[in-house]
Amino acid sequence: MNVLEVLAGGVSSTVQDVGRPGYLATGMPASGPADRFALGIANLLVGNDPGERYLVGRRPGDAGIEVLLSGLRVRVLADTVIAITGADLAPTVDDRPLPVWRAIAVSAGAVLVFHQARAGARAYLAVAGGIDVPTFAGSRATNVRAFVGGVDGRALKAGDVLRAFPPKRGLAELGGRRLRRALVPVYGDRWTVRVVLGPQDDLFLPESVQTFLAYDWRLSPTSDRMGCRYVGPTLEFKPRPAYLVEQAGSDPSNIVDDTIPVGGIQVPGGVEPIVLHVDGPSLGGYAKIATVISADLGKVGQTRPGHVTRFQAVSTGEAVDALRELEDSISEANLEKA
Amino acid sequence: MRALEHLIQQKGVPGVVEMVPSYSALLVYYDPLVVGYDALCASVTAVTRELDTAVLPPARVVELPCCYDDPELAFDLEAAAVKLGLEPPELVRLHAEATYHVYFIGFTPGLPYLMLPERLRIPRLDTPRTALPPGSVGLGGGQCCVYSVESPGGFWIIGRTPLRLYDPEVSDPVLLQPGDTVRFRPIDRRTFGEIAAAVAEHTYRPVIT
């Protein structure tokens, strides 16, 4: 069933499910939502499958649309129920403000517009049944760099018509459901993002590791789903062993090409740490000072250019607890009827 | 790293979801809700004790046809030869005679990491190019790179293969695997065009032995 017609694609709007882990060794990142919680709740609200665990799950769940900042305009082609979660992009339906974090019945002909970012950076639009686009390697997640997933492996543009699968539950039953108020995230202009230090923090001067953890970094506008760049002081490296100078390259931040975990923070040349996100490369030749914990990748995804981030070091145990908490929170039990 | 990856795969270490090998590290993704970090480290450490006796599956040899003798495709050949103090045909001979071990695949989908023969090691370009066509064969540092999708890069481009190292239109989109051996076979521009046309129609069969 045709459900949405794209009137304008906006800054960058892509179809995403939880992603396609399992292909990193071929150079194919997992993709999926920049904010796992927001897409998961959007799907649950409209009766869809929120999918299995971020980055390691085998079931990507249903697909929705990730909307970056502003500009997406879509016409509804069939009566359905939608939910918008994540960033508050001042959405309207036929010029009336649309509440977020709740399921809403919309009629054929209605026009949805995402006007401007008021809080956060990425909104998620889910439609009852889930977006029906072909899968690639088991997932519908768009990866613009590998040209796969979503609509022809690219961001949405005017003229695209999206189909939805049949709703899994009655539309009347879905309308009005919302996320429990206590769980609705508050997106400000200051973020604390938890990291586990390493794998190459030992190549940096200890003072620079302290600076990294103490400074109020500002997100650069040259950030995307591959990498998010932070502006701040230069970080310094220890004198390097001879084998690194010989084999890795002339810059003190160079290492012999190494694997990059999702969330890894490279610091090329010691300037502008880059958090590699869900579309990021699997390998690279720059020292990584720390790795953003999986549970906090969504905070990075919701940070707007110019906003401030403080990186906070935690243990692996705390990182796992946070991930468990995140995954447990994407639960039907956290929804209520308005 | 390949041997460790192979052993972990064979043993089916619980909780391991996927692995990414590199020269000096093996990245292991695990489901922390299935296995704890400490337990996983203990399992992997136990596996490393068997590394010395591990037997890897035999390597495939994959032939990449490569056009070196066209300035449009091999636009850095002359300059790279000057930099290396070689005549261009000598550079081509050294490059095509060597065999290359695929250490791992990554950076972009299907891109192999290959080590260059000593004589062809060359500093990377001072100013990386913003867009290199897929199939471009480049030299940089100690590495030989075959670009799998259009991407920026700081390598000296000495040829181009008409094969697609990454082709999302086919069921097995990535041509090479870690552990493969790669050989480059020099072809002229006409052959390049013929193979490229066959590849576009999905009728070309890569030579794999």
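I am working from a predicted model, in which local features need pLDDT of at least 70, side-chain atom pairs count only at pLDDT 80 or more, and totals for chains, interfaces and linings use all residues. Residues are numbered from 1 along each chain as its sequence is written, chains are lettered from A in the order in which they are written, and side-chain values use heavy atoms, with hydrogens and water left out.

**Entry 1: backbone of chain A**

D94(A) has a phi near 45°, which is positive although the residue is not glycine. I found D94(A) in the loop that runs between β6 (91-93) and β7 (96-97) of chain A. For exposure I used relative accessible area: buried is under 20%, exposed is over 50%, and partly exposed is in between (1.4 Å probe, protein chains only). D94(A) is partly exposed, at 39% relative accessibility.

S31(A) is another non-glycine residue with positive phi, here near 55°. Its place is the loop between β2 (12-16) and α1 (36-45) of chain A. I noted S31(A) as buried, at a relative accessible area of 0%.

I also checked for cis peptides. The bond from G198(A) to P199(A) is cis, and its omega is near 10°. P199(A) sits in the loop between β14 (190-197) and α3 (206-214) of chain A.

**Entry 2: helix α3 of chain A**

Which residues of α3(A) are buried? I listed S208(A), V209(A), F212(A) and L213(A). Viewed down the axis of α3(A), these buried residues fall within an arc of 140°, so they line one face of the helix. The arc is taken from the directions from the helix axis to the C-beta atoms. E207(A) and Q210(A) are exposed on the other side of α3(A). Among the elements covering the buried residues are β14, β15 (217-219) and β22 (308-313) of chain A.

**Entry 3: chain B overall**

I counted 5 helices and 12 strands in chain B. The C-alpha trace of chain B spans about 55 × 40 × 35 Å along its principal axes. Chain B has 209 residues, and 51% of them count as buried. For contacts I required heavy atoms within 4.5 Å. Of the contacts in chain B between residues at least 6 apart in sequence, 62% join residues at least 24 apart.

**Entry 4: α3 against α4 in chain B**

How do the axes of α3(B) and α4(B) cross? I have helix α3 (residues 77-84) and helix α4 (residues 88-97) of chain B coming within 9 Å and crossing at roughly 90°. That makes α3(B) roughly perpendicular to α4(B), the term for angles of 65 to 115 degrees. On the α3(B) side, the contact is made by L77(B), E78(B), A80(B), A81(B) and L84(B), and on the α4(B) side by P88(B), L91(B) and V92(B).

**Entry 5: helix α5 of chain B**

The buried residues of α5(B) are F192(B), I195(B), A198(B) and V199(B). Seen down the axis of α5(B), they fall within an arc of 130°, so I have them lining one face of the helix. Their cover includes β3 (61-67), β11 (156-160) and β12 (181-187) of chain B. Just after α5(B), I noted H202(B) with a positive phi of about 60°.

Methods:
Axes are lines fitted to C-alpha atoms, for helices over the stretch in contact, and angles run from 0 to 180 degrees between N-to-C directions. Helices (H or I, at least four residues) and strands (E, at least two) are DSSP runs, numbered from the N terminus. Angles under 35 degrees count as roughly parallel, over 145 as roughly antiparallel, 65 to 115 as roughly perpendicular and the rest as oblique.
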